[in-house]
Amino acid sequence: VTVSACSLTSLAHHFNCSLLQMAKKLTTFFHNLGVKHVFDFSWALDIALIEAREEFLHRYNLSKSDKKVVLPIMTSECPGWICYAEKTQSKDVLDYISRVRSPQQIMGSVIKYHLANENNLKASDIYHVTIMPCFDKK
């Protein structure tokens, strides 16, 4: 299970406790349900930000010599917005969308790869659940 910072903050506020206290309570709760691992989501946000910076720098440097390179770059962690854009917008708009995976996708990929290798399992045998504030992030 991975818990997003937004969800953790909302729960801590609702139950009037610190972020650390809520993280410990959630970890205990999930372990009591049989969950083997509970992860913090913040490092996936950092990776996504670094990747977005790299994508921008790459496109920016290419744009100096190639006028076909499109800027600015539109980013979104919202799968609902991306789905909407892919279904309703022209290729001219889609070219502006960042190719960087969302933090949730990064987290899922890393967790499955790491745990599969560490435990000699197939990635398809690992179930990764995320606690997110948005219904579209399924």
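Where is Asn16 found? Here are some friendly notes to read beside the model.

1. Some ground rules come first. This is a predicted model, in which local features need pLDDT of at least 70, side-chain atom pairs count only at pLDDT 80 or more, and totals for chains, interfaces and linings use all residues. Residues are numbered from 1 along each chain as its sequence is written, and side-chain values use heavy atoms, leaving out hydrogens and water.

2. Asn16 is found in the loop between α1 and α2; helices are DSSP runs of H or I with at least four residues, strands are runs of E with at least two, and both are numbered from the N terminus. Asn16 has a positive phi of about 55°, although it is not a glycine. Its relative accessibility is 73%, so Asn16 counts as exposed (exposed is over 50% relative accessible area, with a 1.4 Å probe and protein chains only).

3. Asn120 has a positive phi of about 55° and is not a glycine either. Look for Asn120 in the loop between α6 (103–119) and β3.

4. Now the strands: an open sheet of three has the order β2-β1-β3, with parallel pairing (strands pair if DSSP finds at least two bridges between them). Its edge strands, β2 (39–40) and β3 (130–131), each pair on one side only. Strand β1 (residues 2–3) is joined to β3 by two bridges, and Thr2 stands opposite Thr130 in β3.

5. Finally, check the peptide bond from Leu71 to Pro72: it is cis, with omega near 0°. Pro72 has its place in the loop between α3 (42–63) and α4 (79–88).

How values were computed: Buried means under 20% relative accessible area, exposed over 50%, partly exposed in between (1.4 Å probe, protein chains only).
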